[in-house]
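Open the structure in your viewer and keep the selection tool handy. We will go from stop to stop, looking at what is there each time.

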Amino acid sequence: MSQETKGARREKIFGAPKILWGPPFLTCAGCQHSTVSRIVAEILEELGIDGKAIAVMGVGCAGTGTFLMNLDVTGTAHGRPPDAATAIKRVRPDTIVWTMQGDGDCIAIGAGPLIGALTRGEKITIIMCNNTNYGTTGGQLAPTTVMGQVTSTSPLGRDAAREGFTVHAAELAASFRGCAYSARGALTNPDNYRLTKRYIKTAFQKQIDNVGLGFVEVISACPTNWHKTPLQSLKWIEDEVLAEFPLGEFKNVDRIG
Ligand SMILES: Cc1ncc(C[n+]2csc(CCOP(=O)(O)OP(=O)(O)O)c2C)c(N)n1
Ligand code: SF4
């Protein structure tokens, strides 16, 4: 170490959000669910709402990041986070209530609760990690599986005649009058990482401003079930998945109705 470096004032310019209390995320190497959790933790701190935020986790890998946040966290039956979040928010309108769900949880078994919350325009924030399969249980086909994708239950590749067409949750959410904000982001490069963070922040801001439901879908790599390395997974998202799932904002209003 040079004399100059030794004497320099050392200032911390980057670190983990304080509400992440320690152990590493419980996800596989290259799984981007943990990145989404990290982004949410940063946002809760940046918006100064970590003290009154309540997380509702779905069943599956996507929810596990909430275990590591120093927040009130509750779990529900598979797919039911929007119902629990509705109840909490209505009883405690002073809190910031958000759900952390996988695509299977949110738009397969949980499609009914999601549509109910959108219909009612609940003042909650829903984060859906879309890894195009059921990660926890072995990579089965989900509504979000892209056309042609091989999964453990579509070994010949998703085919419209057998398995139907891919579902687009962010566009669906945007079509509801009770939806204040809907967007889809990805985490394959610094630019779309920054945009995804902005989308999630805006969705929380809609709740802070008491506008209506904020929904953000994040394309999230599942290297384990995709049978790819983390880097191959990012390339596959960029080459194939984003062709099916365009990124961007689909709705952003200051008043619902
Ligand atoms: C009522 C019910 N049905 C099925 C299951 C089994 N199960 C647990 S996690 C899961 C899939 C989760 O997939 P997803 O929501 O996409 O989240 P990921 O694991 O990919 O993050 C399933 C089917 C369950 N726990 N409860
Ligand atoms: S199985 Fe997939 S979704 Fe689950 S932790 Fe591993 S990479 Fe993530």
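## A short tour by residue

Start by selecting His 227, found in the loop between helix 9 (223-226) and helix 10 (230-244). Remember as you look that this is a predicted model. His 227 counts as exposed because its relative accessibility is 71%, and the cut-off for exposed is over 50%. Check its backbone too: phi is positive, about 55°, although His 227 is not a glycine. Most residues other than glycine have a negative phi.

Next, go to Asn 210, in the loop between helix 8 (190-208) and strand 8 (213-219). Here is another positive phi in a residue other than glycine, with a value near 60°.

Now move to Thr 145, which sits in the loop between strand 6 (140-141) and helix 6 (160-163). Is Thr 145 buried or exposed? With 0% relative accessibility, Thr 145 is buried, since anything under 20% counts as such. Show its side chain: a polar atom there lies 2.8 Å from the backbone nitrogen of Ala 142. Then display the residues that Thr 145 touches, leaving aside those up to four places away in sequence: Thr 132, Asn 133, Thr 151, Arg 158 and Thr 166.

For the last stop, select Leu 172 in helix 7 (residues 169-174). Leu 172 counts as partly exposed because its relative accessibility is 30%. Finally, draw a C-alpha to C-alpha distance from Leu 172 to Asp 159: the two are 21 Å apart in space and 13 residues apart in sequence.

Technical notes:
Residues are numbered from 1 along each chain as its sequence is written. Chains are lettered from A and ligands numbered from 1 in the order in which they are written. This is a predicted model: local features need pLDDT of at least 70, side-chain atom pairs count only at pLDDT 80 or more; totals for chains, interfaces and linings use all residues. Side-chain values use heavy atoms; hydrogens and water are left out. Helices (H or I, at least four residues) and strands (E, at least two) are DSSP runs, numbered from the N terminus. Buried means under 20% relative accessible area, exposed over 50%, partly exposed in between (1.4 Å probe, protein chains only). A polar contact is a pair of N or O atoms within 3.5 Å; within protein, one must be able to donate a hydrogen and the other to accept it, and residues adjacent in sequence count only if both atoms are side-chain atoms. Contact means heavy atoms within 4.5 Å.
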